[in-house]
Amino acid sequence: MKRLPATRFGRIPVTDVQPVVDGGRFPAKAVTGQDVPVSATCFREGHDAVGATAVLYRPDGSAAQRVRMVPGAPGTDRWHATLRPDAAGAWTFEIEGWDDPYGTWHHAAGIKIGAGIEEELMLAEGARLFAAAARDRKTAAADAELFRGLARVLEDTDRSVADRFAAAESPELTALLAERPIRRHVTRGGAYPLLVERRLAGQGAWYEFFPRSEGAVLEEEYDDGTRRYTSGTFATARHRLDAVARMGFDVVYLPPIHPIGRTHRKGPNNTLTAGEHDPGSPWAIGAAEGGHDAIHPDLGTVEDFAAFVDRARELGLEVALDLALQASPDHPWVAEHPQWFTTRADGSIAYAENPPKKYQDIYPLNFDNDPKGLREEVLRIVLLWIERGVRIFRVDNPHTKPLWFWEWLIREVSQLHPDAVFLAEAFTRPAMMHALGKAGFQQSYTYFTWRNTREELEEYLTEVSHRTSPYFRPSFWVNTPDILPEFLQYGGPAAFKLRAAIAATGSPLWGVYTGYELCENAARPGSGEYADNEKYEYKPRDFAAAEAEGRSLAPYLTRLNEIRRAHPALGDLANVHLHTSTDEATLVFSKSRPAPRGLLDGAGSEPTDTVLVVVNLDPHAARESTVTLDLPALDLTPGDLDGDGRFEVRDLLTGQSWRWGEHNYVRLDPYQEPAHILHIVRSTA
Ligand SMILES: O=P(O)(O)O[C@H]1O[C@H](CO)[C@@H](O[C@H]2O[C@H](CO)[C@@H](O)[C@H](O)[C@H]2O)[C@H](O)[C@H]1O
């Protein structure tokens, strides 16, 4: 074969490959077993047919999956496939463009034979094509046998032209070519990075609680309304882990567990003066007892913490710790490393802010005066907690620290502990939120908490699943100690149920702050924050009584987490597909995960999994609508459909079944069930 001069396009151009983050400067991300949609533009001169193949390479460079891509919308020259890496590591993928001689011949022969023009010539061309493919050393023996047979049939003038042509478009041949096409002029588009991380980096249900509240005992109530409690401890809080595990959560996240400063300590409801018995905000880290490496003496010892972590592990839970890089004025850092803070002209240090919020009880850090000293200290602290059994960190306000620092820290930690996971608590402008994802944060809090209408939710689901998913893993939190959305304040239990249903199904990552299951909805007047916020006081709760009286949503949350575990489609992010409904308050989306194709180790018997979510977003009234489904998005096969083209859906929340088709009547009453989570029942044949 004559060699072509080296050019950037090569013989069959491949351009605009996705997912590629900033031209490959940062890797696209996935977690083990997750589907990664890939696409590229592939085209050529003239009118002959082209094809494209997506190839997935393991970290050792061996090919793990090779998938023939399918064409996108006509005229776009886009091609699509789905890849599924099965282990953590630095994977790569590549798109190959190629000349498709069968496609070219089949198109031309179909037209000419249909019109009775040059029939024998077309069949002879076909025979030549298959004979050449059979001779190709790269063709598998069984395929070569089939191609040789086909060549003989096409040349067999005893048979009718129609019969001979029909043999060249048989289902058997079509299926074979879908997997192993005849390719010429294969042009490799170059490999792109795909960082594959462990499952919990991108899939998981989080539950947050304050260990000091679990088992706290009210000792005395004073005339002025103040109270004295004995703090909960790791030993008492350990009992709560059983319930958290029973609800099916994967991660239990604890706000800071370090000593709390006394200077400018905050009192109940964010007041600026704390009473004698007020415990202060856990984020005001550092006191005479120690800083970020110490444990608040009220909570227990390092051994008690270890026992807590062990119990969590026994129950299948991982403990996530808060990493809040700031210091109370009493933190040892303030005296020992004054260069880590910004000292003003009058010698004072300004308190921290996250406008419009003011944090009068803490000092922010300055990463420019002594970058080396500070970064080494933070690395020491993170590694210390890792040594104590923690692998997951929820990072407070990372957007107020420089990006270089996060890129460096996460790289350093990941090199030693590739299973470390960092969740960015950055509620800020998109540029910074996205850059934190590129810098290495595995997960991010999102604006989901405030997206309520169908339009808002559709827009947000589209953004996080399709536009930013290669680098930004959205965690849908329904509430946090900082956020009690108005929707929950006024929507009653239905609001709590429907928000949980959307969060648990819309994103592979979702989170709940304790008390959600009790539908706690009392806000500090005029604010989006809880009244008598647990950030500033002890808040023991009687979960068992609420459950016994049927007031708890724990069974509902449990079911949602069961559904998530049973349905791998919900573990993927980029597969969100919106459908339409005639009612403006009815949200409809689906997530589908087809059986994998082209896995080279022969695995891949997992069946297609498709979940359809229909939610009434109005917590106050029943809504009726006609839901219209975009059927191709549901990966239905002829075997799934009855004679009327309908298929069975089963509601995973209630167990009810219906037969659905393209148009479906839905009525959702929030006082019964505000949502359907429907599974498409497939034929087992
Ligand atoms: O700034 P955000 O709204 O993202 O909230 C996070 O960071 C805050 C500062 O760490 C933290 O605020 C809490 O702790 C402060 C320091 O003790 C205290 O002044 C605030 O009143 C209290 O809300 C917040 O909890 C955290 O999620």
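How do the residues of the shell around the ligand divide into nonpolar, polar and charged? They divide into 5 nonpolar, 5 polar and 8 charged, where Ala, Val, Leu, Ile, Met, Phe, Trp, Tyr, Cys and Pro count as nonpolar, Asp, Glu, Lys and Arg as charged, and the others, Gly among them, as polar.

Before selecting anything, note that this is a predicted model, in which local features need pLDDT of at least 70 and side-chain atom pairs count only at pLDDT 80 or more, while totals for chains, interfaces and linings use all residues. Residues are numbered from 1 along each chain as its sequence is written, and side-chain values use heavy atoms, with hydrogens and water left out.

Select the ligand and the 18 residues around it, of which Ser 281, Tyr 359, Glu 425, Asp 482 and Tyr 536 come nearest; a residue is near if one of its heavy atoms lies within 4 Å.

Now show the polar contacts (pairs of N or O atoms within 3.5 Å). In Lys 357, a side-chain N or O atom is 2.7 Å from an oxygen atom of the ligand, and a polar side-chain atom of Tyr 359 lies 2.4 Å from a ligand oxygen atom.

Finally, colour the protein chain by pLDDT, the predictor's confidence in each residue from 0 to 100: the chain averages 96, and 99% of the residues score at least 70.

Terms used: A polar contact is a pair of N or O atoms within 3.5 Å; within protein, one must be able to donate a hydrogen and the other to accept it, and residues adjacent in sequence count only if both atoms are side-chain atoms.
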